[in-house]
Amino acid sequence: MADLDGNSAEKKDKEYFTGIPQETPKFFLKGSHQYDWGLQNRLAHIFNPVSGRAIMLAFDHGYFMGPTSGLERVDQTILPLEPYCDCLMLTRGIQRSIIPASTQKAIALRASGGTSMVSMGDDWEGEIAGQPATLSRPGYEPLSNEHLAVDIDEAIRLNASVLAVQVFIGSQYERQSLQNLTNLIDAAARYGIAVMGVVAVGRAMERTPKYFRMATRLMAELGCHMVKCYHIEEEFETITSCCPVPIVIAGGKKRPERDALQMAYDACEQGASGVDMGRNIFQADAPVPMMKAVRGVVHEGMNAEDAFALYEELKSES
Ligand code: R5P
């Protein structure tokens, strides 16, 4: 039977949209426009395509610190924050035991580890541990002596969007940590999973713009899809500028809420693509209001003053 619709000019216009060329949309995220679909989709799960930024909630500290302050009971302290972030940065142990599989948030899975804070050696200043910088135990392995602690099959089972690996540039185990990074990038590339290089700061290294420019750029050149780095007051915009992939900032040690919001604001103004914050949120006087205030800065265009006012208001109501 003949096709009733025929092949009319009207059909061509209405059903084939012949007058409308198919668009080739750009991808919104810095340096990520030539990745495959699955990888871009995972990144779009971490970074909000509207603001172009991410709020990652970091609570993976237990992988070397155990139950640190604020993380004694992750079910009680972190789950209430979950609705307000974009991505959960965690260990596989906490993911399986505490985080509901129904979560809609992206997963940033801690993928390196192997030593604990009691093994901090001469090359470690204790910045991420919040412990005395002078801790030195001859005969113990320094914290930089990490290996990959998650297999790629496991990362797939856990539906990770991004895998986080610590890189200790300038430390005794620099080469090993870089090898961890490139091995993970190669494994993750087979499945379109992103890798985030995390700049660790050791005692041997300065916290200078030059150091951070080198560390972040080096990791991007080796194939990281995103980089996590500390914020510094001086020339931070040059660090984001010469890193060809997105940078998210670590929160670092707990500081007053107003200062933490200022840091998040300054970082975003200076080209950061969001935050990957832990202690400055879950150790805040009022963690849920702090989480919402950080959200105001990162996604809603608030300055630090307005965000702090929001924090105070929400805190007084809670
Ligand atoms: C450190 O290695 C961990 O990856 C933490 O997740 C990271 O330092 C961010 O946490 P905080 O904001 O507490 O520094």
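I first looked up the bridge partner of Val-162 in E7, and the partner is Ala-194. The model is a predicted one, in which I took local features at pLDDT of at least 70 and side-chain atom pairs only at pLDDT 80 or more, while totals for chains, interfaces and linings use all residues. I number residues from 1 along each chain as its sequence is written. Helices (H or I, at least four residues) and strands (E, at least two) are DSSP runs, numbered from the N terminus.

**Entry on E7.** I find E6 and E7 paired in the parallel sense over 6 bridges; two strands count as paired if DSSP finds at least two bridges between them. I then checked burial in E7, and 6 of its 6 residues are buried. For this I call a residue buried if 20 or more other C-beta atoms lie within 10 Å of its own, exposed if 12 or fewer, and partly exposed in between, with C-beta atoms placed from the backbone. Ala-194, Met-196 and Val-198 are buried on one side of E7, and Val-195, Gly-197 and Val-199 on the other, which leaves both faces covered.

**Entry on H7.** I compared the length of helix H7 (residues 174–189) with expectation: at 1.5 Å a residue its 16 residues should span 22 Å, and the end C-alpha atoms are 22 Å apart, which agrees. The expected span is 1.5 Å times one less than the number of residues. I list Ser-177, Asn-180, Leu-181, Leu-184, Ile-185 and Ala-188 as the buried residues of H7. They cover an arc of only 130° around the axis, so they lie on the same side of H7; the arc is taken over the directions from the helix axis to the C-beta atoms. Arg-175 and Asp-186 are exposed on the other side of H7. I then asked what covers the buried residues of H7, and the cover includes strands E4 (112–113), E5 (147–148), E6 (162–167) and E7 (194–199), with helices H6 (152–157) and H8 (209–221). Contact here requires C-beta atoms, placed from the backbone, within 7 Å.

**Entry on E3.** I find 5 of the 5 residues of E3 buried. One side of E3 has Ala-106, Ala-108 and Arg-110, the other Ile-107 and Leu-109, and all are buried. Strand E2 (residues 87–90) pairs with E3 in the parallel sense over 4 bridges, and Cys-87 has Ala-106 as its bridge partner in E3.

**Entry on loops.** I looked up Thr-103 in the loop between helix H5 (92–97) and strand E3 (106–110). The C-alpha atoms of Thr-103 and Pro-83 are separated by 8.9 Å, at 20 residues apart along the chain. I also noted Phe-17, not a glycine, with a positive phi near 45°; Phe-17 sits in the loop between helix H1 (9–15) and helix H2 (37–46). Phe-17 is exposed because its 10 other C-beta atoms within 10 Å fall in that class. Asn-159, in the loop between H6 and E6, has a positive phi of about 55°.

**Entry on the ligand.** I count 15 residues around the ligand, the closest being Ala-58, Ala-250, Gly-251, Gly-278 and Arg-279. A residue is near if its C-beta atom, placed from the backbone, lies within 6 Å of the molecule. Strand E10 (274–277) and helix H11 (279–282) are the elements that give two or more residues to this shell. By class I record 6 nonpolar, 6 polar and 3 charged residues in the shell. Ala, Val, Leu, Ile, Met, Phe, Trp, Tyr, Cys and Pro count as nonpolar, Asp, Glu, Lys and Arg as charged, and the others, Gly among them, as polar.

Technical notes:
Contact = placed C-beta atoms within 7 Å.
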